[in-house]
Amino acid sequence: MKGKFGRSIALVAAGSLLAVATAGIASASPDGGKGSSSTQALAAQVLQMRDDLTKVAYAGNVGATRSDLGQMSPVLSDIAAGKRYTIQTDTQQLAGLAKGRADESARLLTDPTAKARQLPPLPLPIPSLPDLPGPLKIVSDLVKALLGAVTGILGGLLGGLPVPPLPVPPLPVPAG
């Protein structure tokens, strides 16, 4: 009798712990059978895209950076539209602002002689990151702002769970 009672309490405690652990994760729209696992998958995809972009941009790879920006833009557009996923309005707005930075960065990398457009400010500070190397220097501020915005979007998608840090390479040691 004591064993059954103990197991029941353990089961309720485990269920409560699981409910609390997943409560902060943004749930996706119930339309079309999408659940919180869909939003978790989106967060994993956005995290991978952010990390891939960071790695190729800081490696100075213009082609791969432009490609990663092109892949990121439609995902940010989906998040901003709020049609596939039910997320906080501020996360949707941040996705729209991030998409603008991704598109503008890709445009400037395609035509380095183009003049940069004025974009609306982000509602969060631009992270303190080193400038991008070589030919990517022209989009350094845009990409740094984009990385900060995508990190903010991840915070919204993960519902308060910690967001992994950006995989920025260490700064070179100045010769002296």
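The lining of the largest pocket in this predicted model divides into ten nonpolar residues, one polar and four charged. (Ala, Val, Leu, Ile, Met, Phe, Trp, Tyr, Cys and Pro count as nonpolar, Asp, Glu, Lys and Arg as charged, and the others, Gly among them, as polar.) The pocket is lined by 15 residues, and Arg 101, Leu 119, Asp 141, Leu 142 and Ala 145 lie nearest its centre. Two elements give two or more residues to that lining, H4 and helix H5 (140-158), and H5 gives the most, with four. The volume is about 190 Å³, taken as the space filled by probe spheres set on grid points joined across faces, edges and corners. A pocket here is an open set of points on a 1 Å grid over the protein atoms alone, where a 1.4 Å probe fits, with protein on both sides within 12 Å along at least five of seven lines; lining residues have an atom within 4 Å of a point.

Now for the helices, which are DSSP runs (H or I, at least four residues) numbered from the N terminus.

| Pair | Angle | Axis distance |
|---|---|---|
| H3 and H4 | about 155° | 8 Å |
| H4 and H5 | roughly 150° | within 9 Å |
| H3 and H5 | about 40° | 13 Å |

Angles over 145 degrees count as roughly antiparallel, so H3 and H4 are roughly antiparallel, and H4 and H5 are therefore roughly antiparallel too.

H3 passes H4 in a left-handed crossing, meaning the near helix is turned anticlockwise from the far one by less than a right angle. In this contact (heavy atoms within 4.5 Å), H3 residues including Leu 69 and Leu 76 meet H4 residues including Ala 95 and Ala 102. The contact's residues split into eleven nonpolar, eight polar and three charged.

The H4 and H5 crossing is also left-handed. Arg 101 of H4 and Leu 142 and Ala 145 of H5 are among the residues making that contact.

H3 and H5 cross left-handed as well. Leu 69, Met 72, Leu 76 and Ile 79 of H3 touch Leu 146, Val 150, Ile 153 and Leu 157 of H5, which comes to eight nonpolar residues, no polar and no charged.

Residues are numbered from 1 along each chain as its sequence is written. Local features need pLDDT of at least 70, side-chain atom pairs count only at pLDDT 80 or more, and totals for chains, interfaces and linings use all residues, while side-chain values use heavy atoms, with hydrogens and water left out.

Technical notes:
Axes fitted to C-alpha atoms, helices over the stretch in contact; angles between N-to-C directions. Parallel < 35°, antiparallel > 145°, perpendicular 65-115°, else oblique.
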